[in-house]
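Me: I would like to learn how to read a structure of this kind. Please take me through it feature by feature.

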Amino acid sequence: MTEPIRVLVVDDEQLVRAGFALLIDATPDLAAVGEAGDGGEAVRAARRLRPDVVVMDIRMPGIDGLEATRLITVDVDAPRILIVTTFDEDDHVFAALRGGASGFLLKDTPPEELVDAIRTVARGDALLAPTITRRLITEFVRTPQSATRRSTVPDTLTDRELEVFALVAAGLSNGEIADRLYLGITTVKTHVGRLLTKLDARDRVHLVIRAYETGLVSAGPASDGR
């Protein structure tokens, strides 16, 4: 049998931490190895416990989840960070993703989706739903600094890679991209892998960020993500 995915739960509300830990421990392939109530404690616990995934809140006293994420992800063999937050009250999620998070969920997400999200980031994938993508884009383009963040698209990208790049930025899954471009799922995975290498992006989330930084795609009218 394979070892369970080791999870560190970080939230300043004890009831939230306890609820997440109970859910995680009730799932056979997951194990809650520790809890932390603020960012500083989270950084220390991550380095001591070496979890596979950190479920991270953003708004906490002292060192918040943004800074904790940045401090944790600079370490060699750092755990994956899954942000779980109340988006409507939090306009800093984009900064968390730039700081090294591999995805995020809303706190009203059903329990089974949290479990699936932990598995997703643990296996090295990124979690970025289309509805969340649109809201991130809106936040990015309305920020004054966005105009200075522009970089260039490498000329080493092929036409097909540019197509895949744009669809990843729109929040489409590999399966959806395969259907849209009439490609096999393995071919799409190959293109995504090459994009990660050529753009020096850690995961799918950061491909989305790079797409908007380069101006390959831009935010249009608001969308419900469908």
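Me: In what kind of crossing does H2 pass H3?
Reply: Two packed helices are described by the angle between their axes and the distance between the axes. A crossing is left-handed if the near helix is turned anticlockwise from the far one by less than a right angle, and right-handed if clockwise. Here H2 passes H3 in a right-handed crossing. This is a predicted model, in which local features need pLDDT of at least 70 and side-chain atom pairs count only at pLDDT 80 or more, while totals for chains, interfaces and linings use all residues. Residues are numbered from 1 along each chain as its sequence is written, and side-chain values use heavy atoms, with hydrogens and water left out.

Me: At roughly what angle do the axes of helix H2 and helix H3 cross?
Reply: Axes are lines fitted to C-alpha atoms, for helices over the stretch in contact, and angles run from 0 to 180 degrees between N-to-C directions. The axes of H2 (residues 39–49) and H3 (residues 65–73) cross at roughly 20° and come within 9 Å. Angles under 35 degrees count as roughly parallel, over 145 as roughly antiparallel, 65 to 115 as roughly perpendicular and the rest as oblique. H2 and H3 are therefore roughly parallel to each other.

Me: Which residues of H2 and H3 make the contact?
Reply: Contact means heavy atoms within 4.5 Å. H2 contributes Gly39, Ala42, Val43, Ala46 and Arg47, and H3 contributes Ala68, Leu71 and Ile72.

Me: How many helices and strands does the protein have?
Reply: Helices (H or I, at least four residues) and strands (E, at least two) are DSSP runs, numbered from the N terminus. The protein has ten helices and five strands.

Me: How many residues of helix H10 are buried?
Reply: Buried means under 20% relative accessible area, exposed over 50%, and partly exposed in between (1.4 Å probe, protein chains only). In H10 (residues 204–214), ten of the eleven residues are buried. Among them are Arg204, His206, Tyr212 and Glu213. Gly215 follows H10 and has a positive phi, near 80°. Over the protein, 46% of the 226 residues count as buried.

Me: How many salt bridges does a search of the whole structure find?
Reply: A salt bridge is a side-chain nitrogen of Lys or Arg within 4 Å of a carboxyl oxygen of Asp or Glu. The search finds nine. One of the salt bridges joins the side chains of Asp29 and Arg119, at 2.7 Å from N to O. That pair links distant parts of the chain, 90 residues apart: Asp29 is in the loop between helix H1 (14–25) and strand S2 (30–36), and Arg119 is in helix H5 (residues 111–122).

Me: Where do Asp116 and Arg119 lie?
Reply: Both are in helix H5, three residues apart, about one turn of the helix. Asp116 has a relative accessible area of 41% and is partly exposed.

Me: What separates Arg160 and Glu163?
Reply: About one helical turn separates them, because they are three residues apart in helix H7 (residues 159–169). The side chains of Arg160 and Glu163 form a salt bridge at 2.9 Å, N to O. Arg160 is partly exposed at 29% relative accessible area, and Glu163 is partly exposed at 36%. Elsewhere, salt bridges that share partners join Asp11, Asp57 and Lys107 into one network.
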